[in-house]
Amino acid sequence: MKITPKYSLLLLFALPRLGRTAESHSPSPNSAYVDAEGQTHITRVVPLPPTISPEAQTILVKPAPSILSSQATVAEQRMKVDARQEKDASVCLRVYPAMISEATMAGVPVRIVTPPSIGPGKGDRVLLNIHGGGFRIDAGSLLESIPIANLTQTKVVSVLYRLSPEHAFPAAVEDVVAVYRELHKSYQPGNIGIYGTSAGAILAAETAVRIKQRGLPLPAALGIFSGWGDFSKAGDSLSLFSIQGLVGTLIPRSSAGLMPEYVGKTDPKDPVLSPIYADLRGMPPTLFLTGTRDMLLSGTVLLHQAFLRAGVDARLVVFEALPHAFWLDVNLPESRAADEMIAHFMDDHIGK
């Protein structure tokens, strides 16, 4: 299917912004004004970007409907996402063959994804994946692990941590730390990498802070893919993008704060919950990934800057025009490019 740039979106936003107010009238196309309350009303016609692959253009024109309904119970959401991930994983395995098993480490359930063959000199390495899913569901323990295990020729252990709303912070962090400590019995920290997407990216940063806080040796590398590090305030991109980018419904703001089911009673500026307030000095080399239509673009950028201020070797890659966690779609050339970047980064820093 060939997609041409004739498709476009007419967008209306109302964003908080400081500045001089304009006349109180509705904006004309491709214009903006600031109302008396300091909110910016923006109208934009956004052409289909010719800078991305035809496959990526297709998902922007016909985004997949959300499988998460606000009317569905948590159990129903989990059941739907589990079924969707199993289906998508079967497609992923055709591109990236791997073997999948389940186990328990330190009392925590995990999925172990093993490549068809372990690369030369890679038998003493392991990668720890922390899946995404808004802290409520498992949206990626397979999809985030299969490509990376195959490309790095390294075993990946994906932690099936305790979820909200049944378990608030710090339950998930403690589960990941427990598995990390268990792995440390068999692997040197310099041979371990930790990475995650979305909620898993947030947890990757939180876990690293907790590991440092407890005086444990840090892993050799971190991967923070579409995350954030500050539960005390929302980034700009949360007012611009949904989980699908420029289409779909924005995440509603709660008077209880950001993701209250996960935060629980913890101070939003707690340095483990919100690593942007932690002492990040000495963190391992870290790769950050996001897209220009990612709802967590701001959170990823701000946390990357915090790592840079702490003197960390922190690298940021921003993909053009793509939405939140696009790399979970194995059909996109950009997804395969992102997986290659992740694999090369881990290979460059683990076991060195």
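Predicted model: local features only at pLDDT ≥ 70, side-chain atom pairs only at ≥ 80, totals over all residues.
In which sense do strand S8 (residues 192-197) and S9 pair, and over how many bridges?

1. Pairing of S8 and S9. The two strands run in the parallel sense, and five bridges link S8 to S9. Between S8 and S9 the chain passes through helix H5 (residues 199-213), giving a β-α-β crossover that is right-handed.

2. The other neighbour of S9. Strand S10 (residues 286-293) is also parallel to S9, and four bridges join them. Here Gly223 is placed opposite Leu287 of S10.

3. Burial of S9. Strand S9 spans residues 221-225, and five of its five residues are buried. In a regular strand, side chains alternate between the two faces of the sheet. In S9, Ala221, Gly223 and Phe225 lie on one side, Leu222 and Ile224 lie on the other, and both faces are covered.

4. The largest nonpolar core. This core contains 57 residues, and Leu128, Val157, Val179, Leu183, Phe231, Tyr262 and Phe307 have the most contacts inside it. Helix H5 supplies its largest share, nine residues.

5. Surroundings of Tyr262. When neighbours within four places in sequence are set aside, Tyr262 is in contact with several residues, including Phe135, Phe169, Val173, Phe231 and Leu273. Its contacts also include Ser164, Leu203 and Glu206.

Methods:
Residues numbered from 1 in each chain as written. Heavy atoms only, no water. Buried < 20%, exposed > 50% of the residue type's maximum accessible area, 1.4 Å probe, protein only. Pairing = 2+ DSSP bridges. Right-handed = clockwise from strand over helix to strand, strands pointing away. Core = buried A, V, L, I, M, F, W, Y, C linked by side-chain atoms within 4.5 Å. Contact = heavy atoms within 4.5 Å.
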